Amino acid sequence: MRDNDADGGRLAQTILAHVLAAVEARELELGRLDAAAGDGDHGAGMVRGLRAAVAAADGPEGVAGDILARAGTGFTDAAGGASGALVGSWIGAIGRSLAGADRLDVAAVADALDAGQAMIQRLGKAKPGDKTMLDTLDPFLRALRRAVETGATLDAAWAAALPEAEAGMRATAEMIAKRGRAARLGERSRGHVDAGAMSLLIILTAVGDVIRQQAA
Ligand code: ADP
Ligand code: MG
């Protein structure tokens, strides 16, 4: 548990830098997954977006929420594509929710992730099961909520939720895409995991790494 102050803002900058490095390391794989059902630009778009997010997060000090709100706008402006708008708005909605929190505790983080997911669903009109990034996010958030109810700390709750996110991502391989470019393939979209589901798992894993290091 930490105060919602400039230290939290610096933690948000650390998290963004770590997420960028993790996604950069997987850029080609994300591109290949997107090429199997879409146009192959997902890895490049995510890296472009995250570089801009890190740059936007740098600069004036602020609380974590303000830093993330700036990062989300930077991401959307640079990334392009469906995921550019969706992931940028997700980061921004998380930031705006956290900016209003009293403390950066596990409940505030779960509420912020709720706001982020609601934003993705409002903009993209997808639901879990449509073979999108939501198939990683939705099981993650459900598991995080369950852990919160048992009184878990943020790092324990995050660690408990990650395997659920991974299972959700893996399950997209057997799904038929209902949203985005891949939906045009219909039945032929089966057989590969969704690129956006994979990138969200990479992001959530990288965030968890920083949370764990902080807790240690
Ligand atoms: P584009 O499809 O414009 O090339 P990207 O390749 O960057 O964009 O992103 C594709 C990913 O975006 C998909 O793998 C999927 O996870 C996600 N996606 C696409 N449309 C939606 C939507 N309506 N709701 C949620 N996620 C979506
Ligand atoms: Mg694409």
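**The ligand site**

An N or O atom in the side chain of Asp39 lies 3.1 Å from an oxygen atom of ligand 1. That is a polar contact, a pair of N or O atoms within 3.5 Å. The model is predicted, so local features need pLDDT of at least 70, side-chain atom pairs count only at pLDDT 80 or more, and totals for chains, interfaces and linings use all residues. Residues are numbered from 1 along each chain as written, chains are lettered from A and ligands numbered from 1 in written order, and side-chain values use heavy atoms, without hydrogens and water.

Asp34 brings a polar side-chain atom 3.0 Å from an oxygen atom of ligand 1. Gly196 uses a backbone N or O atom, 3.0 Å from an oxygen atom of ligand 1. Taken alone, ligand 1 exposes 570 Å², and the protein buries 92% of that (Shrake-Rupley areas, 1.4 Å probe).

The shell around ligand 1 has 19 residues, each with a heavy atom within 4 Å. Among the closest are Ala82, Ser83 and Asp194. Helix 5 (81-99) and helix 9 (195-215) each supply at least two shell residues. Helix 5 gives the largest share, four residues. Helices here are DSSP runs (H or I, at least four residues), numbered from the N terminus.

Technical notes
A polar contact is a pair of N or O atoms within 3.5 Å; within protein, one must be able to donate a hydrogen and the other to accept it, and residues adjacent in sequence count only if both atoms are side-chain atoms.
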